[in-house]
Amino acid sequence: MKKNYFILFLGLITFCNKINAQVTLINDNHSLSGYPIFGNSIFLTSDVDSTLWTSDGTPGGTKQYTTKVKIDQGAGAGLLNNKIYFAGVDATHGSELWVTDGTDGGTKLVADILTGPMSSTPQNVFAYKNDLYFTDSASGGRQLYKMSGSSQTVTLFKIINPTGDAF
């Protein structure tokens, strides 16, 4: 029920509304955070164990959708063509560029830039003009890489740190 109150304070009249609301617990003890992108679903990551989740906004529709990779927390993610590109970590590749469409089958390694379990650690991921850009430490220091949005081919775009020192 909505109630209106009038408050007189220093000669000013203010209207205040009291609104009743309901909160529903969707997931317990995973510290999920994310944003909507997959049509009617939300892309979520766990701040507790770095797992990937999706939700339709209901408790029953909130689930971990893949176990093949975990997100590299703090590395960032970028949205391109309704897919999320992110630094993903697994035992075989370390931290490399991955993509997901919110399903297990649609979650794949894009490029193992520093092959094997060594990590290239993609960061600062962003889309521009249907391509994806990110910095990566595979070439010594952070360098700028580009992934073609149409072919998913990853190339070193520009050496922006010729000394190879971290920045």
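Me: Is Gly 105 buried or exposed?
Reply: Gly 105 counts as exposed, because its relative accessibility is 51% and the cut-off for exposed is over 50%. Keep in mind that this is a predicted model.

Me: Where is the place of Gly 105?
Reply: You'll find Gly 105 in the loop between strand E10 (94-100) and strand E11 (108-111). Its C-alpha atom is separated by 9.3 Å from that of Tyr 65, a residue 40 residues apart from Gly 105 along the chain.

Me: Let's zoom out. How many helices and strands are there in the protein?
Reply: The protein has zero helices and 15 strands.

Me: And what percentage of the 167 residues is buried?
Reply: Buried residues come to 35% of the 167. As for the accessible surface, the protein has about 9,900 Å², and 56% of that belongs to carbon and sulfur atoms.

Me: What about contacts, what share comes from residues 24 or more positions apart?
Reply: Looking at contacts with a separation of 6 or more, 29% are between residues 24 or more positions apart.

Me: Which residues make up the largest nonpolar core?
Reply: That core has 11 residues in all: Leu 80, Tyr 85, Leu 97, Val 99, Val 110, Ala 111, Val 125, Leu 132, Phe 134, Tyr 145 and Met 147. In general, nonpolar side chains tend to be buried together in soluble globular proteins.

Me: Which strands each supply at least two residues of this core?
Reply: E10, E11, strand E13 (131-136) and strand E14 (143-148) each do. Apart from this core lies another one, of 10 residues, with Phe 43, Val 69, Ile 71 and Trp 98 among them.

Me: Pick Val 125. What is it in contact with, leaving aside neighbours within four places in sequence?
Reply: Val 125 is then in contact with Gly 76, Ala 77, Gly 78, Tyr 85, Leu 132, Tyr 133 and Phe 134.

Me: New topic: how many salt bridges does a search of the whole structure find?
Reply: The search finds two. In one of them, Lys 68 pairs with Asp 104, with the closest N and O atoms 3.9 Å apart.

Me: Which parts does that pair tie together?
Reply: Lys 68 is in the loop between strand E6 (63-66) and strand E7 (70-71), while Asp 104 is in the loop between E10 and E11, so the bridge ties together parts 36 residues apart in sequence. Lys 68 counts as partly exposed, at 35% relative accessibility, and Asp 104 is partly exposed as well, at 36%.

Me: Which side chains meet in the salt bridge at 3.5 Å?
Reply: Those are Asp 131 and Lys 146, with 3.5 Å from N to O. Asp 131 lies in strand E13 and Lys 146 in strand E14, so this pair ties together parts that are 15 residues apart in sequence. Asp 131 is buried, with a relative accessible area of 14%, whereas Lys 146 is partly exposed at 23%.

Me: How many bridges do E13 and E14 pair over?
Reply: They pair over six bridges, in the antiparallel sense. Lys 146 shows up here too: Tyr 133 stands opposite it.

Me: What's the strand order in the open sheet with E13 and E14?
Reply: Four strands form that sheet in the order E12-E13-E14-E15, with antiparallel pairing. Strand E12 (123-128) and strand E15 (154-158) each have a single partner strand, so one side of each is left without a neighbour in the sheet. On average, neighbouring strands of this sheet are turned by 30° against each other, direction ignored.

Me: And what's the order in the open sheet with E3?
Reply: That one also has four strands, running E3-E4-E5-E6 with antiparallel pairing. Strand E3 (32-38) and E6 stand at its edges, and the twist averages 40° from one strand to the next. Six bridges join E3 to strand E4 (residues 41-46), with Phe 38 opposite Ser 41 in E4.

Me: Where is Asn 130?
Reply: Asn 130 is in the loop between E12 and E13. Asn 130 likewise has a positive phi of about 65°, and at 42% relative accessibility it counts as partly exposed.

Terms used:
Residues are numbered from 1 along each chain as its sequence is written. This is a predicted model: local features need pLDDT of at least 70, side-chain atom pairs count only at pLDDT 80 or more; totals for chains, interfaces and linings use all residues. Side-chain values use heavy atoms; hydrogens and water are left out. Buried means under 20% relative accessible area, exposed over 50%, partly exposed in between (1.4 Å probe, protein chains only). A nonpolar core is a set of buried Ala, Val, Leu, Ile, Met, Phe, Trp, Tyr and Cys residues joined through side-chain atoms within 4.5 Å. Contact means heavy atoms within 4.5 Å. A salt bridge is a side-chain nitrogen of Lys or Arg within 4 Å of a carboxyl oxygen of Asp or Glu. Two strands pair if DSSP finds at least two bridges between them. Axes are lines fitted to C-alpha atoms, for helices over the stretch in contact, and angles run from 0 to 180 degrees between N-to-C directions. Accessible areas come from the Shrake-Rupley method with a 1.4 Å probe; for residues, only the protein chains shown count as cover.
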